[in-house]
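Thank you for making time this morning. I would like to walk you through one structure, taking a pocket and then a helix.

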Amino acid sequence: MVKSSLTVKMIIEIIIKDLNSALAKLGYSKNDIKIAKCKNPEFGDFSSSIPLILAKIHKRSPIDIAHQIRDEMILSNNIIEKITATDPGFINFKISKKYYYSVLEEILNKNDFGKSSSGKNKNANVEFVSANPTGPLTIGHGRNAILGDVVSNILEWNGFAVTREYYFNDAGRQMRILSKSVKARYFEILDKPFNFPEDGYEGEYIKGIAKEIINDFGKELLSDDSIFKSFPEKKMFEHIKNTLRILEINFDEYSNEKAFYDNGEIEKLLNELKTKNLIYEQDGATWFKTSSLGKEKDRVFIKSSGEPTYRLPDTAYHRNKVERNFDLIVDVFGADHMDTYPDVILALDALGVQTNHIKVLLYQFVTLLRGGEKIKMSTRKATFISLNDLINEVGVDVVRYFFVMRGINTHLNFDLDLAADQSDKNPVYYLQYAHARICNIIKRVEKQSKNLSAYNPLLLDHESEIDLLKQLELFPNIVLSAKDLLEPQVIANYLQETAAKFHKYYANCRIITENEDLTLSRIALASATKIVLSNGLKILGIKAPEKM
RNA sequence: GCCCCGGUAGCUCAGUUGGAUAGAGCAACGGACUUCUAAUCCGUAGGUCGGAGGUUCGAAUCCUCUCCGGGGUACCA
């Protein structure tokens, strides 16, 4: 019997073991054998190119060696059904269908099929969004938010305990500009003299906040009233949090930069770097001697105005995260941060702080397209489409899917026409439709109140059925590799392929038939597909609809 | 100048331990609904994998050089 607890990894190990003993018997020296998946299923499931490598060493024909090894191999179990040797010198292994049938059983017994324990008892911190409350979230923040959330989900599916963290600074230059902008609009609306800052925010939302101040606090505020500082920040944060709520993103922790001044950690950090001789004063500013750590030039830590640059508090913040003993620390940054984090890592390294468990995810920019044309956007001029606008236009599921359907480090062209399209062109619906289709079929059979667990997997013999089973079997490995690469796209692509294989199956094989045994078997396969699709969609944070 | 990311079908993109015939969606064309959801399926067409060298039995994948696009290179974040 084939044990259902077997994994592909174990099967590969068995193949390697058997291969090695065959090689030893034939007198070949020990080799580092690699097993690869066959791209073309006609060859089998796995293959080894070891004959090609041996051919070189022994100056013999690779296909001869392949035949020789094939004839000499003794299988230590019945998982492998067939071994073949093919040109130019591959040995192929075909896995018995029984193995895949056992996977079917495993899926149906495990609603959380795909979950891995690779991160069990480990903690991860994922910092993302981290937008300062100076305005509505942009499309770029959207990509950041979805990536961060889905990466967190991926880690959770691998057993990690994840802290989703939002880091912000409500005391910097940008916050002052927000305050000044609102103040100017306040007095402008009241027809009083006003001074709109040169680099102020011109968006309509600024006027909205000013109006709210008039409503809540009256028309007689003086220009130095602290309301102008506290109120806009509060409103903007509410706005941001509301957008995140719509996207169903929940943070566990909000870290304020200010805390690291208050608790003295920034000063402590500075002093420690000083004792390492990495800090010096020049032109009234305090510099970090990155040049002595292999960088081209030094960086300013504290400006001559007395105000620190982001590098100093960021370093203190990251040390704080390291000190909180996470096994994995992930930062999700836009490509414009390319040059910022290496200095932080450098400073921490210099202080002997462990940094090799800090992973920085840099995603490339997002371009919005409408009618095939790029939409030009300027944050300051407020000629942008906010993340809120985008959600209102195309919906949460579409937004979430579009942000993970491309690789992190490729430019994302967000096609608004395609996203808003409620038809078959939209890849999100293709996926959800597969799930809804399955639900509908299951519902239909359930009405006949049959015993769904009494299925016979041996009846699943059609090519498209085996194909689908093999696809489902991959899911746990996909979840693992998404974790290793910290790349949500892996999940999105996999789900797209899984849906395609199901649709193909549906077209080829009628699920509900006159033959009750066959019906039950096919329903079992459909149910297993439903579990995988639903779990994958859960990781992406996208709804799995029962009907469409 | 230097650093990072990208360049694969008309368009948008997959393709990570180097493997056999380089894939998908959209767009184009042609088929399939008295049937469990046609938001689906099947077929046709479409390629010097930016270019040139190199490593190798074997390269979209690794190395070097080069061209093009994007981003960064602040006492902005």
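This is a predicted model: local features need pLDDT of at least 70, side-chain atom pairs count only at pLDDT 80 or more; totals for chains, interfaces and linings use all residues.

Residues are numbered from 1 along each chain as its sequence is written, chains are lettered from A and ligands numbered from 1 in the order in which they are written, and side-chain values use heavy atoms, leaving out hydrogens and water.

The second largest pocket has a volume of about 840 Å³; a pocket here is an open set of points on a 1 Å grid over the protein atoms alone, where a 1.4 Å probe fits, with protein on both sides within 12 Å along at least five of seven lines, and lining residues have an atom within 4 Å of a point. A volume is the space filled by probe spheres set on the points, which are joined across faces, edges and corners.

Its lining has 32 residues, and Lys37, Asp45, Tyr100, Lys470 and Leu474 lie nearest the centre. Helix H17 gives the largest share of that lining, 10 residues, where helices are DSSP runs (H or I) of at least four residues, numbered from the N terminus. Because domain 1 (8-95) and domain 3 (424-540) both contribute to the lining, the pocket lies between them; the domain bounds come from an automatic or database assignment.

Now to helix H12, residues 341-350: seven of its 10 residues are buried, so the helix is largely enclosed by the rest of the structure, buried meaning under 20% relative accessible area with a 1.4 Å probe and protein chains only. Among those buried are Asp343 and Leu346. After H12 comes Gly352, with a positive phi near 75°.

Conventions
Helices (H or I, at least four residues) and strands (E, at least two) are DSSP runs, numbered from the N terminus. Buried means under 20% relative accessible area, exposed over 50%, partly exposed in between (1.4 Å probe, protein chains only).
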